[in-house]
Amino acid sequence: MEKKKTWPVGTGGRIGWLKAFLVSYLISLLLLLLLSFFLWKFSWSESRVQAGIVVIYLTSSFCGGKIAGKQAEKRRFFWGICFGILYFAILLFISAVFLPGSFAGAVHLLWAAAVCAVGGMAGGMMAAHT
């Protein structure tokens, strides 16, 4: 009788997800540093900075979703979405702890959550093709 896996990403999946989170937050850190440099050097407008943050969310959740999707054996897009949502939840938690009262509003939070989920899903789908 075949034993069912309780963790969807197989043996060592928790380490794989930890790796995915570490990579995605490292990418976020590096891209945020680059964005802050551009803001300082070129005095970018608020709309450019917001667009840059959206790109950072997409890129980071895409890369993490791709790593998480490679760990999954089935439904990689679903696990990519799960990664994107967890990525956003951790960002939200860190913001709540270190920057209380800094939330821009429910619409912006839902928009950011959707961007992270879509980025993670795209990464998970791309993991199936590589």
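**View 1. Phe-83 and Tyr-87 in helix H3 of the predicted model.** Phe-83 and Tyr-87 both belong to helix H3, where they are 4 residues apart, about one turn of the helix. Their rings form a stacked aromatic pair, with 6.3 Å from centre to centre and 25° between the planes. Are these two residues buried or exposed? Both Phe-83 and Tyr-87 are buried. For Tyr-87 the relative accessibility is 1%. Buried means under 20%, so Tyr-87 counts as buried.

**View 2. The ring pair of Tyr-25 and Tyr-87.** A search of the whole structure finds 12 aromatic pairs. One of them joins Tyr-25 and Tyr-87, whose ring centres are 4.8 Å apart. The planes of these two rings meet at 25°, and planes under 30 degrees apart count as stacked, so the pair of Tyr-25 and Tyr-87 is stacked. Which helices hold the two residues? Tyr-25 lies in helix H1, residues 13-42, and Tyr-87 in helix H3, residues 76-98. The pair therefore ties together parts that are 62 residues apart in sequence.

**View 3. A cluster of aromatic rings.** Which residues are linked into a cluster by ring pairs? They are Trp-17, Phe-21, Tyr-25, Phe-78, Trp-79, Phe-83 and Tyr-87.

**View 4. Arg-75 over the ring of Phe-78.** Where is Arg-75 found? Arg-75 is in the loop between helix H2, residues 46-71, and helix H3. Its relative accessibility is 52%, and exposed means over 50%, so Arg-75 counts as exposed. Arg-75 can also be compared in position with Ala-128: the two are 53 residues apart in sequence, and their C-alpha atoms are 9.3 Å apart in space.

**View 5. Leu-31 and its surroundings.** Leu-31 is found in helix H1. Its relative accessibility is 26%, which lies between the limits of 20% and 50%, so Leu-31 counts as partly exposed. Which residues does Leu-31 contact, leaving aside its neighbours within four places in sequence? Leu-31 is in contact with Ile-56 and Thr-59. The view also includes Ile-53, which is 22 residues from Leu-31 along the chain. The C-alpha atoms of Leu-31 and Ile-53 are separated by 8.8 Å.

Note on methods. Residues are numbered from 1 along each chain as its sequence is written. This is a predicted model: local features need pLDDT of at least 70, side-chain atom pairs count only at pLDDT 80 or more; totals for chains, interfaces and linings use all residues. Side-chain values use heavy atoms; hydrogens and water are left out. Rings of Phe, Tyr and Trp (its six-membered ring) pair if their centres lie within 6.5 Å; planes under 30 degrees apart count as stacked, over 60 as edge-to-face and the rest as tilted. Buried means under 20% relative accessible area, exposed over 50%, partly exposed in between (1.4 Å probe, protein chains only). A charge sits over a ring if NZ of Lys or CZ of Arg is within 6 Å of the ring centre and within 35 degrees of the ring normal. Contact means heavy atoms within 4.5 Å.
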